[in-house]
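Below are my notes on the model you passed to me, arranged as numbered points.

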Amino acid sequence: MSAPENTTVPDEVRARHAELCRELDDHSYRYYLGKPIVSDAEYDRLMLELRSIEDRHPILVSQDSPTQKVGAPISVDFAEVEHLVRMESLGNAFDSEELSAWADRASAEVPVDAYLCELKIDGLAVDLVYERGRLIRAATRGDGRVGEDITLNVRTIGVVPEQLDESVRPAPELLEVRGEVFLPVEDFEELNRRIAVDGSHAPFANPRNAAAGSLRQKDPRVTATRPLSMIVHGVGAYTPAAGEETAFTSQSQAYALLGEWGLPLSDRYKVVATMDEVREYVAFYQEHRHDPAYEIDGIVVKVDDISLQRRLGSTSRAPRWAIAYKYPPEEVTTTLVDIKVGVGRTGRVTPYGVMEPVVVAGSEVEFATLHNAQEVVRKGVLIGDTVVLRKAGDVIPEIVGPVLDRRDGTEREFVMPERCPECGTELGQQKEGDVDLRCPNARSCPGQLRERVAFIAGRKALDIEALGYVAATALTQPLEPVEPALRDEGDLFDLTVEQLLPIRTHVLDPDTTEPKTDPKTGEPKVVSFFANMKGEPKKTVEKLFEQLEEAKDKPLWRVLVSLSIRHVGPRAAEDLARHFRSMDAIRAASEEELASVDGIGPTIARSIHEWFAVDWHAEIVRKWAAAGVRMEDEGQEPGSRVLEGVTVVVTGSLEGFTRDGAKEAVAECGGRATASVSKKTGFVVVGDAPGSKYDKAVKLGVPVLDEAGFRVLLEDGPEAAEKLRINPVEEAAEE
């Protein structure tokens, strides 16, 4: 039968199909070279559009279509290598419904009773071939059938064995394994620091690009300087040793065997029986996405039984027995429209990027920090660039770097201003070793005061929920002719309702300190503390005064943090409060006495000493004390504090404590609450859903307590609590 006429497909659809094919082929090639110009999310969007067109018009499907191909064209820089067994790509699921649909299709064909779940590493796929235990070849995936010979470069990767370990069982006659080469995140950051120093080339945009660029070096000695690693996740061709039978019937059995031969495996894969357990695994690593040392962009789910894998087979490009569940992207590309500057609570003037709004990690982002002028230069970004934007979890969005291939010559350099954007004061010279420019007008700069008042309200300080950014702006920068209610933060606890009656203010964006506009009128938004002309206070104002009263009883370390003393964060404040027990003692201490406190040191000591030497700073403390703010820690006396010198990690949800409340209870007893588990940790307290910190505590033999044990620890100390540990000593020792 002859093919349908071209007229069966509208001309505009045919043109869009051709355009998408060209664009996706180009993006695949650039991705393969480690120089992509679009984000993964944009590539996926284009591919979905192409598939949609081909689903509606099957006549457009051909072997050359990106939907039918794996990977990218082959570069001529390396010899071509044909894979023994085709390296397939994976189909994607972007939500739970698509994941369930895949499982339903598989189980409708075969009786699936076990799934293997593993992390989808964001690296470079490679193929290794061993003959009689010796590595003879390594290749990139290429187009799935033919890749590039990178054997010499792969041999520089320490975890890849040249010779398989045959101490347990003989090596097979032939073994083809697939895996992912990656650069650990910490090593990637160090590599970019080295590149920035030596100026050899532009920094890599992300660890994946760094791994790809490192593997494709023509000189293996260069690759050897890059701390690459690898994890194996599949088997291609396999011929057992003479006299041996195939030793595995499932993916998980294959992994166990590969491990015996010394090949690098993940310790995070898991075999489960139901899709509910698959979803739990997916949800866990979506929350703990940054626990591994490497970057991941999703989860791979496979039917574990290999005979069922064979029965399910593959499409033209992907196996039906496996799927990749993709997490929302943490990196996207967008246009850097402008670079502006803002002033912080300690006077630091910081550049930030203004971008075309884009959704990243589940939220819309329009602004991103650039830290300082030197960082703008180091990243090499220009106004007008297409940039890579990254937002890891709840971390502040960050511009990673420019997409150089997108430049057209219209971009321009950023010039750091010479005066404060808030008060016009000439910016101070940088101190030795300080890369930041600062506004020296600390007392009168409205921007610094607004930021300090907003910071006081934060969770790390006095935790006053009703005193948010809008309220801080209203108290420090009301619309004329009203005078500010606060000349400095010293008056915060003496506020009255009468002072707030006339206050109206613009709503500022906390990322830019610029007024937000009403989408309907285009005018700046204006807010008031009061609901109507009768002067009745809003509930939020009533709540503000209630919470200001409650804040007066917060522990000393929180008061210290709220003073915005440079370098004094929660950890240093806890150490100071634990040692000196009162604000008067801290103020009276010499630099030497301050520096001698564990965790403080000369830099923080000097900063504290200089802060208290300023008259208006000391006046803030005096006003707060007169208003009834707690200036010393009561609780237990220093000689009877039962957790002196003990480090405690709290993880999971406790019924009787908030996370901050548990940490404060530890500090009240003389202990130190930290966020990470190590051999030096005294106890790990676990609530509901404790996560990986519990697992690490068990491995290290650190005593683990439930909430009841935690209360005993606070009351009676480590010796009594040790008897209530929920991980027995012998269990920890075995781990």
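1. A patch, as the word is used here, is built from residues with over 30% relative accessible area and no salt bridge, like charges being joined within 9 Å and nonpolar side chains (Val, Leu, Ile, Met, Phe, Trp, Tyr) within 5 Å. Lys and Arg count as positive and Asp and Glu as negative, with His and the chain ends not counted, and the place of a charge is taken as NZ of Lys, CZ of Arg, CG of Asp or CD of Glu. On these terms, Glu542, Glu546, Glu550 and Asp553 form a patch of negative charge on the surface. Asp553 lies in the loop between helix H15 (539-551) and helix H16 (556-562), where helices (H or I, at least four residues) and strands (E, at least two) are DSSP runs numbered from the N terminus. Asp553 counts as exposed because its relative accessibility is 55%, the classes being buried under 20% relative accessible area, exposed over 50% and partly exposed in between (1.4 Å probe, protein chains only).

2. On provenance, this is a predicted model, in which local features need pLDDT of at least 70 and side-chain atom pairs count only at pLDDT 80 or more, whereas totals for chains, interfaces and linings use all residues. Residues are numbered from 1 along each chain as its sequence is written, and side-chain values use heavy atoms, with hydrogens and water left out.

3. Side chains of opposite charge can pair when their charged atoms come close. With a salt bridge taken as a side-chain nitrogen of Lys or Arg within 4 Å of a carboxyl oxygen of Asp or Glu, the count comes to 42 salt bridges. One of these joins the side chains of Lys543 and Glu465 at 3.5 Å, N to O. This pair links distant parts of the chain, since Lys543 is in helix H15 and Glu465 is in the loop between helix H12 (446-456) and helix H13 (469-476), 78 residues apart. Lys543 is partly exposed, with a relative accessible area of 34%, while Glu465, at 60%, is exposed.

4. Arg487 and Glu483 also meet through their side chains in a salt bridge (2.7 Å, N to O), and both Arg487 and Glu483 are exposed. A further salt bridge, at 2.6 Å from N to O, pairs Glu619 with Arg622. Because Glu619 and Arg622 are 3 residues apart in helix H21 (residues 615-626), about one helical turn separates them. Glu619 is partly exposed at 29% relative accessibility, and Arg622 is partly exposed at 45%. Elsewhere, salt bridges that share partners join Arg16, Glu19, Glu42, Arg45 and Glu49 into one network.

5. Of its 735 residues, 49% count as buried. Among contacts (heavy atoms within 4.5 Å) between residues at least 6 apart in sequence, 67% join residues at least 24 apart. The mean positions of the 88 positive and 128 negative charges are 2 Å apart.

Terms used:
Accessible areas come from the Shrake-Rupley method with a 1.4 Å probe; for residues, only the protein chains shown count as cover.
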